[in-house]
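Please take a look at the chain and its ligand.

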Amino acid sequence: MKNHKNGFGTIATHAGNEANETHAHVQPIYQSSTYGFDSVEFGQAIWREERDGYIYGRLGNPNNDATAQAIAALEGKNLAERPYGLLCGSGMAAISTVILPLVNAGDTIVSQQALYSYAYNLFAYHLPQKGIQHVAFHGPDLNDLDRALATAENVKVIYIETPVNPTMALTDIRGVVERAKAIGATVVIDNTFATPYLQRPLEMGVDVSIHSTTKYLSGHGGVVGGAIITPDAQLHRKFMTALFHYGGVAGPMDAWLTLLGIRTLHVRMERHCENALAVAEFLAAHPAVEKVYYPGLESFDQHELAKRQMDDFGAMLSFELKGGYAAGATLMNNVKLCSLAVSLGTVDTLIQHPASMTHFRLSPADRAAMGISEGLVRLSVGIEDVQDIIADLEQGLVVV
Ligand SMILES: *Cc1c(COP(=O)(O)O)cnc(C)c1O
């Protein structure tokens, strides 16, 4: 289908609103595990893909299709054709559904060293037990990617995440694509932190964009889900087959909630970004704070790269306190408005401590290699009135 040229907000508020028999203005939830056939011939035609139709919940339902198509329309806003989309039961289901069909024993996955921790564990510890090799590179340094590619054999996938959780380091997307094309590897990106509102990797030549829809896309903290978007028909079919076999599908209710969230993605992201910049500037000027990592700050190492490949800088940031771990623990125990919780991308502000929470399963050496110090604090800045977020942090920060 030809992609029309509406703006991002118009696509977000309309995409996936397919016709339904009842003329309900919002697509109903098709909470059904199976779908009837008018006749044997009718059923056969659907199985043979000679006509559209639904068969069984794991093999697709109208809510999953609508939501996947909406995300695909946003990711491919400026592509000539709308890319393909699949909805999964979690971000990790999306990651495993993409990776497993792309690699066999003897193949290599080259990925960033710093990654969402469960993705890193999948590549660095789990898949090597099945004969799939893993080589890591330092994301901000493409010379290090060149070194990795020079030593690795049978590289099938280059996997990146930018900005990365939790240090906000960026990887040059176009530079990675160029190197992958030269060796025929598939580039997979985790685009969760940026969302298509801020960064559309498929437009930069990336083959597959993955989301944890748990975060900004659903946006309200009510869903765990994932999505796989690719412009490549063959890859899409591969992932769809893998999804049917491995079974990591999303349920219709979660798909519906995610689409409801997507309707306001552009409005939320605008406020998220505005608040995050103000919070980052407040923290950077605070005497208790050693260093702030936020791509929107001019002091951020990769601010120029952020401006090149992102439309704005997002609402995730992390910071080091001069008082180290103890000061971080005090802050996290003293906040009243911010919630001490993992996850991110919800309308309210979340604060957490990677070394003891999201990244605690990694060895201290892996954490150090990812740039995660014991005192690093991560914030997912919400859409509250920003002076209230700042006041809450202010009363919890201890000057040492
Ligand atoms: C949360 C997250 C994931 C995993 O998603 P789930 O929905 O929790 O499975 C992957 N990547 C990033 C960047 C995340 O923040």
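Start with Asp-190. In this predicted model, an N or O atom in the Asp-190 side chain is 2.6 Å from a nitrogen atom of the ligand. Thr-214 also uses its side chain: a polar atom there lies 2.7 Å from a ligand oxygen atom. Met-92 contributes through its backbone instead. One of its backbone N or O atoms is 2.8 Å from an oxygen atom of the ligand. These distances count as polar contacts because the cut-off for a pair of N or O atoms is 3.5 Å.

How much of the ligand does the protein bury? Taken alone, the ligand exposes 380 Å², and the protein buries 92% of that area.

The ligand has 14 residues around it. Asp-190, Thr-214 and Met-92 are among the closest, together with Gly-91 and Lys-215.

Six of its residues are polar, five are nonpolar and three are charged.

## Overall fold

The chain contains 15 helices and 12 strands. Along the principal axes, its C-alpha atoms fill a box of roughly 75 × 50 × 35 Å.

Does the radius of gyration agree or disagree with that of a compact globule? For 400 residues, such a globule would come near 21 Å; the chain has 21 Å, so the two agree.

Most peptide bonds are trans, and most residues other than glycine have a negative phi. Some sites in this chain depart from that pattern.

Which peptide bonds are cis? One runs from Thr-162 to Pro-163, with omega near -5°. Another runs from Asn-165 to Pro-166, with omega near 0°. Pro-163 lies in the loop between β4 (155–161) and α7 (173–183). Pro-166 is also found in the loop between β4 and α7.

His-23 stands out by its phi. The angle is positive, at about 60°, although His-23 is not a glycine. This residue is found in the loop between α1 (8–14) and α2 (40–47).

How values were computed: Residues are numbered from 1 along each chain as its sequence is written. This is a predicted model: local features need pLDDT of at least 70, side-chain atom pairs count only at pLDDT 80 or more; totals for chains, interfaces and linings use all residues. Side-chain values use heavy atoms; hydrogens and water are left out. A residue is near a molecule or strand if one of its heavy atoms lies within 4 Å of it. A polar contact is a pair of N or O atoms within 3.5 Å; within protein, one must be able to donate a hydrogen and the other to accept it, and residues adjacent in sequence count only if both atoms are side-chain atoms. Accessible areas come from the Shrake-Rupley method with a 1.4 Å probe; for residues, only the protein chains shown count as cover. Ala, Val, Leu, Ile, Met, Phe, Trp, Tyr, Cys and Pro count as nonpolar, Asp, Glu, Lys and Arg as charged, and the others, Gly among them, as polar. Helices (H or I, at least four residues) and strands (E, at least two) are DSSP runs, numbered from the N terminus. The radius of gyration is taken over C-alpha atoms; the globule rule is 2.2 Å times the number of residues to the power 0.38.
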